[in-house]
Amino acid sequence: MLADNLNEIKETIKLACTHAHRSETEVTLVAVTKSVDSEVAEQLAELGVEDFAENRVDKLLEKKAALKNYSSIKWHLIGNLQRRKVKLIINNIDYFHALDSLSLAEEIQKRAEKTISCFVEVNISAEESKHGLRKEKLKDFINQLSTMDKIRVVGLMTMAPLNADDDELHTFFSELKDAQTMVREMNLPYAPCTDLSMGMSNDFPIAVEEGATFVRVGRGLFRGA
Ligand SMILES: *Cc1c(COP(=O)(O)O)cnc(C)c1O
């Protein structure tokens, strides 16, 4: 069941890449394991998945400990992170997908022992969500990170509203792509911004068509598992 779901999702990514004249090698499937236990996560690791995400600090640490024998796994923290939890997690992850405030950046700068690959979370649909920066604030925010040598802005991340139709999804995701272009054109060594983390179970094919390089898929992987 899990293997079938995984293959189906990979095929869907491939098809969306073909539609958009992209190479499927540009897109990384990140398995969001927040709804399953470590045993199911391990089955995914056995199937060759190497990118795992959790949205809670304690759950990520638990899964990472359970899967410690799979040394090539990269760990992604995707949820919003409270400042007081930064020290517990920041040196245990490979990617942080929800950087959205200067105070959080300052705490990461203080606690990180190496440079952390961060996605700045952008609130593209403005009214819907409390998390993420408004697009208009992005440029100033990126400039403010210039003195923080522990933070590398590898890309931008967004979550589309659950009730958006396909046309709206195309618009949201292409707006994130435009924001990415804006950051790339700032030409800052600490903000190469080559990646786009967008697309979940119900919208990842559209996200891939609009340029996603990391898709974060949870429920779709575990249907019936
Ligand atoms: C849960 C979650 C996902 C995955 O959502 P599904 O609908 O289960 O695919 C992706 N991104 C974030 C930030 C999440 O919290």
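**Working chat: salt bridges, surface charge and fold**

User: Is Glu175 buried, partly exposed or exposed?

Analyst: In this predicted model, Glu175 is partly exposed, because its relative accessible area is 23%. The cut-off for buried is under 20%.

User: Which residue forms a salt bridge with Glu175?

Analyst: Lys135 does, and the closest N and O atoms of the pair are 3.2 Å apart.

User: How many salt bridges does the structure hold?

Analyst: Nine. One of them pairs Glu54 with Lys63, with 3.0 Å between the closest N and O atoms.

User: Are Glu54 and Lys63 buried or exposed?

Analyst: Glu54 counts as buried, because its relative accessibility is 0%. Lys63 is buried too, at 3%. In general, side chains of opposite charge can pair when their charged atoms come close.

User: Where is Glu54 found?

Analyst: In strand 2, which covers residues 51-54.

User: How far is Glu54 from Asp167?

Analyst: Their C-alpha atoms are 29 Å apart in space, and the residues are 113 apart in sequence.

User: Back to salt bridges. What does Arg22 pair with?

Analyst: Arg22 forms a salt bridge with Glu26, and the closest N and O atoms are 3.0 Å apart. Arg22 is buried, because its relative accessible area is 15%. Glu26 has 39% relative accessibility and therefore counts as partly exposed.

User: What about His21, what is its phi?

Analyst: Phi of His21 is near 55 degrees, which is a positive value in a residue other than glycine. His21 sits in the loop between helix 1 (2-19) and strand 1 (28-32).

User: Buried or exposed, that His21?

Analyst: Exposed, because the relative accessible area of His21 is 76%.

User: And what is phi for Asn187?

Analyst: Phi of Asn187 is near 55 degrees, again a positive value in a residue other than glycine.

User: Where does Asn187 lie, and is it buried or exposed?

Analyst: Asn187 lies in the loop between helix 7 and strand 7 (195-197). At 66% relative accessibility, Asn187 counts as exposed.

User: New topic, surface charge. Which residues gather in the patch of negative charge?

Analyst: Asp37, Glu39, Glu42, Glu46 and Glu62 make up that surface patch.

User: Which element gives the most to the negative patch?

Analyst: Helix 2 (residues 38-46), with three residues. Glu39 is found in helix 2.

User: Now the whole chain. How many helices and strands?

Analyst: The chain has nine helices and eight strands. Its radius of gyration is 17 Å, close to the 17 Å that the globule rule gives for 225 residues, so the chain is as compact as a globular protein of that length.

User: What box do the C-alpha atoms fill?

Analyst: One of roughly 45 × 40 × 30 Å, taken along the principal axes.

User: And what share of the residues counts as buried?

Analyst: 50% of the 225 residues in the chain.

User: Last one. Where is Thr213?

Analyst: Thr213 is in the loop between helix 8 (204-209) and strand 8 (214-217). Thr213 is buried, because its relative accessible area is 10%.

User: How far is Thr213 from Ile73?

Analyst: The C-alpha atoms of Thr213 and Ile73 are separated by 17 Å, and the residues are 140 apart along the chain.

Terms used
Residues numbered from 1 in each chain as written. Predicted model: local features only at pLDDT ≥ 70, side-chain atom pairs only at ≥ 80, totals over all residues. Heavy atoms only, no water. Patch = residues over 30% accessible without salt bridge, like charges linked within 9 Å, V, L, I, M, F, W, Y side chains within 5 Å. Areas by Shrake-Rupley, 256 points an atom, 1.4 Å probe, with all protein chains shown as cover. Salt bridge = Lys/Arg side-chain N within 4 Å of Asp/Glu carboxyl O. Lys, Arg positive; Asp, Glu negative; His and termini not counted. Charge placed at Lys NZ, Arg CZ, Asp CG, Glu CD. Helix = DSSP H or I, 4+ residues; strand = E, 2+ residues; numbered from the N terminus. Rg over C-alpha atoms; globule rule 2.2 N^0.38 Å. Buried < 20%, exposed > 50% of the residue type's maximum accessible area, 1.4 Å probe, protein only.
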